[in-house]
Amino acid sequence: MRVVVALCTWNRSASLDRTLRSLHLLDAGLHQWELLVIDNNSTDDTADVVDRHAAALPVRRVFEPVQGHAAARNRAMVEAEGADLLLWTDDDVLVPSDWLVALAAAADRWPDAAYLGGRIEPHYLSEPPSWVRAHERFLSRLVLRHDLGPDEVPFAPGERPIGANMAFRPSRIPAGMTFDQRLGRKADSRVVGEEQDFFDRLDAAEALGVWVPSARMDHVIEEERVSVAFLADFYEGLGQTHVRLGGSLVSGRLATVPEPVRRAGVAVGARVLGALAALLRRLPGDRWVVPYARAAQLRGVARELSAP
């Protein structure tokens with residue numbers, strides 16, 4: 001089996017270096033494999049970092065000038081043409097040595113599967129704040145904890161892989177299907193959703209997906225990611241994503257309001273929600289976390305609805 005491991009990165013050379021070091025120990029079994037690093041218009045020393053690992057890894061760096069995670073993913077799919085299995089991971093993970101073999105073996109067991117996904121556990125570089133530990137289940141998307149149980153089974157409705165640990169069988173992906181470049185992170189934006197949209201379309205095509213608990217991945221959590229500022233930005237991005245995916249947390253009557261009035265009103269709402277979040281932050285102990293995150297998410301919805 002020819003396996004391509006795709007990793008998209010933007011200006012995170014130190015984190016990328018740590019991930020590439022972990023890949024030195026990757027066991028490919030009898031499979032032919034290539035590591036494809038999509039450099040998404042980085043301006044740091046990403047190219048030098050990749051070059052330093054070239055002697056130890058079958059790595060190929062491809063520069064993608066169009067900014068955005070979805071654009072980088074689409075470039076990876078083009079560059080991986082001819083692969084029997086396309087594995088996806090990120091530039092902020094630690095890859096266990098048996099990861100590739102676990103996903104390839106599951107693909108053999110499920111020849112009709114179009115996609116597979118495995119477990120992700122947070123790997124804290126230092127002990128996180130107590131509010132993170134107390135609400136780790138609620139904050140699973142923030143820390144990227146993903147565990148759907150011990151059994152290898154088809155995904156249930158609504159269940160999906162997460163991009164740091166997933167695999168596609170290209171021959172089972174509908175021809176011409178790509179990630180929507182209106183979605184996904186671009187530079188410092190926290191808008192996501194390109195994966196959810198992709199899997200929504202796979203579900204509509206009745207593609208089979210399989211949960212593979214034996215394929216495990218550790219997501220490195222740096223101190224910045226468990227800060228209050230990151231929490232606010234992250235959930236605001238989820239609110240923006242919700243709107244871009246076609247959802248709405250407001251009454252459909254809003255559509256009847258003239259656009260300039262709607263934008264002005266929603267902008268005021270965004271400021272009110274920002275003030276509310278600041279008040280919620282004063283709740284005692286860790287009781288502030290969930291309502292604070294929800295307020296930030298609603299602020300993201302308002303911000304997106306007020307955009308021109």
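Leu35 touches Val5, Leu20, Leu23, Leu57, Pro58, Val59 and Arg60, leaving out residues up to four places away in sequence. The model is a predicted one, and Leu35 is among the residues with the most contacts inside its largest nonpolar core, together with Trp33, Leu87, Trp99 and Leu116. That core holds 36 residues. Two or more residues each are given to this core by β1 (2-9), α1 (13-23), β2 (32-39), α2 (46-52), β4 (85-89), α4 (99-109), β6 (113-124) and β9 (208-221). Helix α4 provides the largest share, 7 residues. Apart from this core lies another, of 26 residues, including Trp88, Tyr115, Phe155 and Met177. In soluble globular proteins, nonpolar side chains tend to be buried together.

**Strand β4**

In β4, 5 of the 5 residues are buried. Leu85, Leu87 and Thr89 lie on one side of the strand and Leu86 and Trp88 on the other, and both faces are covered. In a regular strand the side chains alternate between the two faces of the sheet. Leu87 belongs to the largest nonpolar core, while Trp88 belongs to the core of 26 residues.

Strand β4 pairs with β1 in parallel through 5 bridges, and Ala6 stands opposite Trp88. The pairing of β4 with β8 is antiparallel and has 3 bridges. Within it, Leu86 has Phe168 of β8 as its bridge partner.

**Helix α7**

Helix α7 spans residues 194-204, and its buried residues are Glu194, Glu195, Asp197, Phe198, Phe199 and Leu202. An α-helix has 3.6 residues a turn, so residues three or four places apart point the same way. The buried residues of α7 pack against α3 (69-79), β6 and β8 (166-168). Just after the helix, Glu206 has a positive phi of about 60 degrees.

| Largest pocket | About 1,500 Å³ | 50 residues | Leu144, Arg185, Val192, Arg225 and Phe234 |

The lining of the largest pocket takes two or more residues from each of β1, α1, α3, α6 (140-143), α7, β9 and α8 (228-244). Helix α7 gives the largest share of this lining, 4 residues. By class, the lining of the largest pocket comprises 16 nonpolar, 16 polar and 18 charged residues.

In the second largest pocket, α3 gives the most to the lining, with 3 residues. The lining of the second largest pocket divides into 10 nonpolar, 4 polar and 1 charged.

**Ala232**

Ala232 is placed in helix α8. This residue counts as buried because its relative accessibility is 16%, and the cut-off for buried is under 20%. Apart from neighbours within four places in sequence, Ala232 is in contact with Tyr292 and Ala296. Its C-alpha atom is separated by 8.8 Å from that of Ala295, although Ala232 and Ala295 are 63 residues apart along the chain.

Note on methods: Residues numbered from 1 in each chain as written. Predicted model: local features only at pLDDT ≥ 70, side-chain atom pairs only at ≥ 80, totals over all residues. Heavy atoms only, no water. Core = buried A, V, L, I, M, F, W, Y, C linked by side-chain atoms within 4.5 Å. Buried < 20%, exposed > 50% of the residue type's maximum accessible area, 1.4 Å probe, protein only. Contact = heavy atoms within 4.5 Å. 1 Å grid on protein atoms, 1.4 Å probe; cavity = no way out; pocket = protein on both sides within 12 Å on 5 of 7 lines; lining within 4 Å. Points joined across faces, edges and corners; volume = space filled by probe spheres on them. Nonpolar A, V, L, I, M, F, W, Y, C, P; charged D, E, K, R; others polar. Pairing = 2+ DSSP bridges.
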